[in-house]
Amino acid sequence: MAGSERCRRARATWEVSESEPEVEPESHGSSAAPEGSPPAAAAVRPKRRRAAGEAEARRRERQRWKEREALEKREAAAAWRLLRPERCLRLLEVCVDPGFLEDPGSDIWIEALRSLDCKHSIEPQAIPCSITWRRNMPSIPSAPDDCMVKTEEEKEVLVLLEPADFLKRLCSLTQTFVDASSGIQPDLNQVLPLASLEGSSTKTYSLAVIGLDAYRCNQEQNVWQPLSPGKQSPRSQPGPELFMTQQEILEAQVVLQLWGNIDVQLLDTWQEFGEHVCALTKAIARRPYKSQLEMQELSFCTAGVSGKGLRVEKDGTGLWQVWKRQIQQFNRVSPATAAAIAEAYPSPGLLVQAYEECSTEDEKLLLLSNIPVKSDISGKDHRVGPDLSRCIYLFMVSTNPDLILDLTV
């Protein structure tokens, strides 16, 4: 009877424990389990401990992932602060060739350069009398002692030429493309010899000439000044560059711009040269900030810092005004026309849905053309028209970023 009572207890125990995971029976039988403890509960406890350990590991992994994400956000915010316009000039260094210091007028533009909140240094350049820029970008340290500065050379190079030298080079350039047959690229090395310079293909060169008009006027006076026969010498004979017309100089500048992407700045004084260098320095310093703005998904903000934006509430109030303002950005679109289109299609999604319901391409192009517009000024009603309807359709569906929307420009 004792044996049958023990069997009933074991059967009752297994019936109660049906909700627990199924466990393989011990090979030694029921006598191997300690007396007074259910065999299934004893086998499940290690699995529960393993599950608790796995949950703790997952929790720690989530915590580490959140910490990494927060660190990346802090580093991105710190890098963004370095690129802001009020701080980007501090990271830029202007490298000036010592040849500039030989001219007494260079003190004027050097003083203008000192007024900027950026560094400048005097060091030899690959091209005499040239200016280059480099950016000293500090890395975002993960620890206080890990801060490093990364130096990057900018692609811009500004070269200063004397008026006489500039005219001689232009004259040589015009001779090459006048003698050459059509379709042959002119020899730009006549103006700026870059073939022997390493990495010149990755640079963007520009030229600056100070006092060209004054030099030409002075030389013309010397040419027409009569000389006694005893004072004439081969050196006193004017060169062909002095007989270049203003049109020939402009044509040579166009050749430099189109074939070599070389811009030429003709300046009158050292003060103008200093202003040009300062403007170019500011543009180079702010380039990474503008690039970051363009890389954002939406570079504009509906509620701008300047207060000119449109405020959009959390419930969507104001989105219609934003949509109307976006339509108004098209060329020659009045507020009344934008309001008429926005009333017919209150959101971009509804307009795209209407395009999808059209059966032909012509129907899509002319979808908005017959929308009536009520003018507030003349009081006469008119319609949107096919040109604007076509522009908006191409803007909404085209994936080509270089597509010209307005054919009348």
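Guide: Among contacts between residues at least 6 apart in sequence, 64% join residues at least 24 apart. The model is a predicted one, and its chain comes to 13 helices and eight strands. Of the 409 residues, 30% count as buried. The accessible surface is about 27,800 Å², with 53% of that area belonging to carbon and sulfur atoms.

The part to look at is helix 10, which spans residues 335-344. Seven of its ten residues are buried, so the helix is mostly covered. The buried residues are Ala336, Thr337, Ala338, Ala339, Ala340, Ile341 and Ala342.

Lysine 324 lies in helix 9. Beyond residues up to four places away in sequence, lysine 324 touches Pro335, Ala338, Ala339 and Ala342. An α-helix has 3.6 residues a turn, so residues three or four places apart point the same way. Lysine 324 and proline 335 are eleven residues apart in sequence, and their C-alpha atoms are 7.9 Å apart in space. Lysine 324 itself counts as buried because its relative accessibility is 19%, and the cut-off for buried is under 20%.

For contrast, consider helix 7, residues 246-260, where leucine 258 is placed. Leucine 258 has 68% relative accessibility and therefore counts as exposed. Together with Val254 and Trp259, leucine 258 forms a nonpolar patch on the surface, with about 330 Å² of accessible area for the three.

Elsewhere in the chain, the largest nonpolar core has 25 residues, and those with the most contacts inside it are Phe100, Trp109, Ile131 and Phe273. Strand 1, helix 4, strand 3, strand 4, strand 5 and helix 8 each supply at least two residues of this core. Helix 8 gives the largest share, six residues. A second, separate core has 23 residues, among them Ile127, Leu207, Val255 and Leu256.

Apart from neighbours within four places in sequence, phenylalanine 100 is in contact with Ser106, Trp109, Cys129, Ser130, Ile131, Leu160, Trp270 and Phe273.

Definitions and conventions. Residues are numbered from 1 along each chain as its sequence is written. This is a predicted model: local features need pLDDT of at least 70, side-chain atom pairs count only at pLDDT 80 or more; totals for chains, interfaces and linings use all residues. Side-chain values use heavy atoms; hydrogens and water are left out. Buried means under 20% relative accessible area, exposed over 50%, partly exposed in between (1.4 Å probe, protein chains only). Helices (H or I, at least four residues) and strands (E, at least two) are DSSP runs, numbered from the N terminus. A nonpolar core is a set of buried Ala, Val, Leu, Ile, Met, Phe, Trp, Tyr and Cys residues joined through side-chain atoms within 4.5 Å. Contact means heavy atoms within 4.5 Å. Accessible areas come from the Shrake-Rupley method with a 1.4 Å probe; for residues, only the protein chains shown count as cover. Patches are made of residues with over 30% relative accessible area and no salt bridge: like charges are joined within 9 Å, nonpolar side chains (Val, Leu, Ile, Met, Phe, Trp, Tyr) within 5 Å. A salt bridge is a side-chain nitrogen of Lys or Arg within 4 Å of a carboxyl oxygen of Asp or Glu.
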